[in-house]
Amino acid sequence: MIWVQLVNGLMEGMMLFLIASGLTLIFGVSRIVNFAHGSLYMLGAFLTYALVPVIAPGTVAGFFAAVILAGIGVAAIGTAFEVLALRRVYGADSLMQLIITIALVFVIRDVVRWIWGANSLSVPMPDALMGALVIGDTYFPVFPFVIFAAGLAVVAAMIGVIRFTRTGILLRAATDDRGMAALLGINERMIFTAVFAAGSFLAGIAGGMAAPWGDVNYLLDTTVIVSAFIVCVIGGLGNLYGALAGAMLVGITKAVGVLYFPRLSMVLIFLIMAVVLVARSLGRQGGPAR
Amino acid sequence: MLARNLIGASALAIAAALAGSAHAEGKALKVGYVTGLTGACAPISEDGLNGAKLAVKDLNAAGGILGRPVELVVRDSQTKPEEGGKQARELAAAEGIEMLTGVCSSAVLLAVNAVAAEFKIPHVAMIGSTQKANIEAFNPYFVQTQANATMEAFAAAEYVAKKTDWKRITPMGFDYEWGHTSVDAFTSRLKELRPDIEIAAPVFTKVGEANMGPYITAALANQPDAIFAAVFGGGLVSLIKQGQSFGMFQKSNLVTLLTVDTLQSMGDAMPKEKVYGIGRAPFFALDQGAELSAFIEDYRAAYNEYPTDWAINGYDAMMFYAQAAKAAGSAEADPVMAAFAGSSFDGLKAKGLTMRPFDGQMNAPAYVGEVNFDPAYPFPTMKNVEKFDGAALMFSEETIQAMRDAAK
């Protein structure tokens, strides 16, 4: 039983991380708290819903192709938003930034409702990922495993890019000291745009990957953004590894908690966050939160 | 002079055209329709409104109510009680509405019901249901035209009790008023009917939970023969889809709220068996008559989909009101309320429906059946649907009185 819950927890943690990582990266570089991040996740789910029937429905390859295309679509929309709107308020006060990202939440929500309606939609699961691995009397669902593995691949790629490529070096430089990076001739604007696009892509594929597991509806945006913020707070906003640890902590606490403290599992997560906040958010890496 | 005459003439022409388009004499009878067009209730609210609009169309085509054209004044409650209450108040105070309906969420229902009592306007409930409105928050202007949450849970308990090979049950529910009321009612009635059944501690999830996996594992930990789940919408879709990956339909059965909108959302992802659904007005299982067929045809023509339970309830609520107002010969609140109590109504969802003035509850039936794939429809339906007579599911007047006294 507990092992099944662990699988549940790991999958939820991975999903949370994919969302929270974009949120935290964007904040790390541009100091923008992107309230619309949940909307990008929701958009990824809807685009996947639209694409799956077009690209080889029922196959694993078709599903992942749809997810990646959806991610690219969301990244394009995110980039357009960054270039057309967000770019104008980087210097402005945080209230302005807040309003502009919240405006995007409403715009995406209304457009999605207009196109797909308000009813819950269902993305069919690829046939090969349906069902479970039965060990003894216990059913280990296949889909969460695969999603977790796919998520791990994304995380590995992301960490690889950040640590070992020139883009990654520039990104870390801009996160560490924006002014200095600019003085050295790094194109700050390009970095901001690229990070926003990457964050949007991550949110988009997270939405797409989770789509067959649950339902797709236009309220997913708010459902997901709260948990993503909790993860960021636990990990320290701007701290990628912190977000990874925070996401896994939240996912596993929720899943295992419901088995032993059914009435408390939601509360536990907020408790963890409260403790982290009270302990003055040193982040999980030990450095002071920025 | 000529110009002035022309203006006068065209104004007259416009007025005549306006009156003509309403094609019924008399002042319009305004119906305040407060519903959650945005927020958690949106999918359901839209269906209910579509049904009500068709009713208004049919009523006006037949000359309106008491010769007055019917007009829906629609307001969005955003599925928030304060907003719903505010909208209802504004409609009552400024728009001159003579009836309130449309509310979806049970919390909004209570807020709107308070406004209905204050302004003495008949409030006809058609989607939202909570026994509070019949018991401690009851007022004489309240009419509930469907089986309330308690009655629905009782129907599920009656149904489950007949499954003699089911010995262990785990209840699940959304962690808010409706979920808890349903789980409590189901548990208490089932214990009475089948003392031998073991009922595990209920598992509650937050409303609309997308990752049901952990809760499914927890519910299956008790090795139940069936799970009773008071969940709906997206959370329910998640429960059924994910349940299949956890062997839920190998190890257990599921009894839950399956309205037509959920059946449509599930589509092919619905398991072929072991799912049992409670419906409020499943069009495919109702007594088929000319009126129902005509309604289904009109609905499909207008909205390009099959009517959901909410659409049928929306239509019935408007028609029940129209019948009462005609019988009363007036749209005044008190005569209309008296007419509600005194008349028997043949709706789309059932015939011979009456309203009990003691708590405003209509003896509306609940339907429970098992999932079925009928090639005639592009989505799963239900077979062997059992109709539970509403009268047998309602609390007796003594019980209600006792509950009212206890709530004081």
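Tutor: Happy to! A cavity here is a set of grid points where a 1.4 Å probe fits but cannot get out, and its lining residues have an atom within 4 Å of a point. Bear in mind that this is a predicted model. Searching the whole structure turns up four cavities of 30 Å³ or more, and the largest cavity holds about 70 Å³ of space. Its lining includes Gln131(B), Asn134(B) and Ile135(B), along with Asn148(B), Thr150(B) and Met151(B). Also in the lining are Arg356(B), Asp359(B), Gln361(B), Met394(B), Phe395(B) and Ile400(B). Two elements of chain B, helix H5 (131-134) and helix H6 (149-161), each give two or more residues to this lining. Sorted by class, the lining has five nonpolar, five polar and two charged residues.

Thr101(B) sits in strand S3, residues 99-101. Thr101(B) counts as buried because its relative accessibility is 0%. Beyond its neighbours within four places in sequence, its contacts include Val31(B), Gly32(B), Tyr33(B), Val124(B) and Met318(B).

Finally, the interface. Here 37 residues of chain B are in contact with 34 residues of chain A. About 2,900 Å² is buried between the two chains, 54% of it from carbon and sulfur atoms. Lys241(B), Ser245(B) and Phe246(B) supply 19% of the area that chain B buries against chain A, more than any other three residues. Two salt bridges are found across this interface. One pairs Lys254(A) with Glu209(B), whose closest N and O atoms are 3.1 Å apart.

Definitions and conventions: Residues numbered from 1 in each chain as written. Chains lettered and ligands numbered in written order. Predicted model: local features only at pLDDT ≥ 70, side-chain atom pairs only at ≥ 80, totals over all residues. Heavy atoms only, no water. 1 Å grid on protein atoms, 1.4 Å probe; cavity = no way out; pocket = protein on both sides within 12 Å on 5 of 7 lines; lining within 4 Å. Points joined across faces, edges and corners; volume = space filled by probe spheres on them. Helix = DSSP H or I, 4+ residues; strand = E, 2+ residues; numbered from the N terminus. Nonpolar A, V, L, I, M, F, W, Y, C, P; charged D, E, K, R; others polar. Buried < 20%, exposed > 50% of the residue type's maximum accessible area, 1.4 Å probe, protein only. Contact = heavy atoms within 4.5 Å. Buried area = accessible area lost by both parts, 1.4 Å probe. Salt bridge = Lys/Arg side-chain N within 4 Å of Asp/Glu carboxyl O.
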